[in-house]
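Dear colleague,

I am passing on the structure we discussed, and my notes on it follow below.

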Amino acid sequence: MPFAPFDWIDDEARRRADAGLVRTLRPRPAETELLDLASNDYLGLTRHPEVTAAAARAACRWGAGATGSRLVTGSTTLHAELERELAEFCGFEAALVLSSGYAANLAALTALSGRGSLIVSDAGNHASIVDGCRLSRAETAVVPHTDPEAVRKTLRAHDGRALAVTDSVFSVDGDAAPLAALAEVCRAEGAALLVDDAHGLGVLGEGGRGALAAAGLAGGEGVVGTLTLSKALGSQGGAVLGPARVIDHLVNTARTFIFDTGLAPAAAGAALGSLRLLRREPERAGRARAVATALYEQLTAAGLVAVRPDAAVVSVRAPSADSAVRWAADCRTAGMAVGCFRPPSVPDGISRLRLTARADLTDAQIATAVAIVRRTAPDA
Ligand SMILES: Cc1ncc(COP(=O)(O)O)c(C=O)c1O
């Protein structure tokens with residue numbers, strides 16, 4: 001028999017092609033004329049001169065890389081500054097930054113659960129939460145989307161340590177979790193609450209302080225938050241926020257912190273630059289929300305089926321995976337980049353276009369975006 005250990009990959013690729021689910025990497029030029037409604041740069045900060053200058057300064061001072069795990073090569077004052085300012089901005093006692101939001105979710109979930117404990121996870125949670133649950137060795141119960149009563153029942157049936165986990169704003173449909181109700185359930189059942197605020201930071205709450213601050217839950221005894229620095233803050237990296245003893249516990253036990261190179265100095269510098277800029281210009285958060293609402297209202301007025309956005313993500317239903325791909329490609333041909341979500345990246349099998357609002361979009365650009373989506377719609 002010939003040695004062909006990867007032939008199964010070709011079979012899988014064929015099946016993917018037959019189902020219209022092939023993913024391809026497209027080149028992205030440094031400069032483009034495309035109207036960008038695909039990126040998560042919610043506040044328009046990733047190319048802001050102050051933010052890129054902060055990244056460059058940090059790289060020049062501290063080097064291009066963090067040189068190792070912070071437990072091995074040491075922790076810079078830059079990381080400490082970012083952690084202090086992030087915690088203070090979001091209303092928590094302490095913070096720990098990691099190399100990505102993905103790593104932050106893995107860290108929080110694995111360090112705060114473990115064998116014999118229970119994680120109750122919303123069916124719409126992000127892939128990094130799903131993977132964190134898998135890695136945790138805890139029993140994981142997936143409950144229906146945004147259903148605090150299902151969380152209550154599941155927690156009540158468990159004896160022992162437990163944690164409920166949810167996205168604050170779900171990345172596929174842009175809808176928000178019922179955080180106040182979830183916190184009440186967790187308090188009553190003696191469970192911790194972990195909230196991934198990847199899409200809330202910079203957009204929700206006063207001046208963009210995030211969904212937990214908006215819900216009055218930031219800094220709560222049983223509440224832990226995770227963040228990405230790669231969306232509203234326009235940088236790269238992630239963070240866990242919570243009581244100081246929880247953060248100390250993560251430093252000692254979270255494998256994606258201990259065995260991962262620390263956050264790159266340029267990324268830390270850029271995130272700090274964005275955070276300081278957002279403090280000075282808090283109106284950016286409200287503008288991102290207003291742009292999302294305007295997109296939604298104009299899209300639905302044009303007869304498209306969209307989900308009312310709770311933050312900056314606007315989701316528009318497509319009839320099928322194939323048509324969603326074509327629709328996104330037609331938008332691109334017409335001069336606008338949009339996201340395209342389809343199986344297996346959606347929990348319910350429904351394909352969508354995903355438009356992201358940005359604080360720096362003008363009213364004219366919003367109108368153009370809506371006109372392009374409408375003109376290229378599959379049944380138009
Ligand atoms: C809800 C949510 N959590 C976590 C992440 C992961 O963050 P990062 O890209 O920084 O790894 C993302 C997206 O990327 C996300 O949408």
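Why is strand 2 (residues 94–98) largely enclosed by the rest of the structure? Of its 5 residues, 5 are buried, where buried means that 20 or more other C-beta atoms, placed from the backbone, lie within 10 Å of a residue's own, and strands are DSSP runs of E of at least two residues, numbered from the N terminus. Please bear in mind that this is a predicted model, in which local features need pLDDT of at least 70 and side-chain atom pairs count only at pLDDT 80 or more, while totals for chains, interfaces and linings use all residues. Residues are numbered from 1 along each chain as its sequence is written.

Ala 94, Leu 96 and Leu 98 point one way from strand 2, while Ala 95 and Val 97 point the other way. In a regular strand the side chains alternate between the two faces of the sheet. Strand 2 pairs with strand 8 (residues 238–242) in the antiparallel sense over 5 bridges, pairing requiring at least two bridges found by DSSP, and Leu 98 stands opposite Gly 238 of strand 8.

With best wishes

Terms used. A residue is buried if 20 or more other C-beta atoms lie within 10 Å of its own, exposed if 12 or fewer, and partly exposed in between; C-beta atoms are placed from the backbone. Helices (H or I, at least four residues) and strands (E, at least two) are DSSP runs, numbered from the N terminus.
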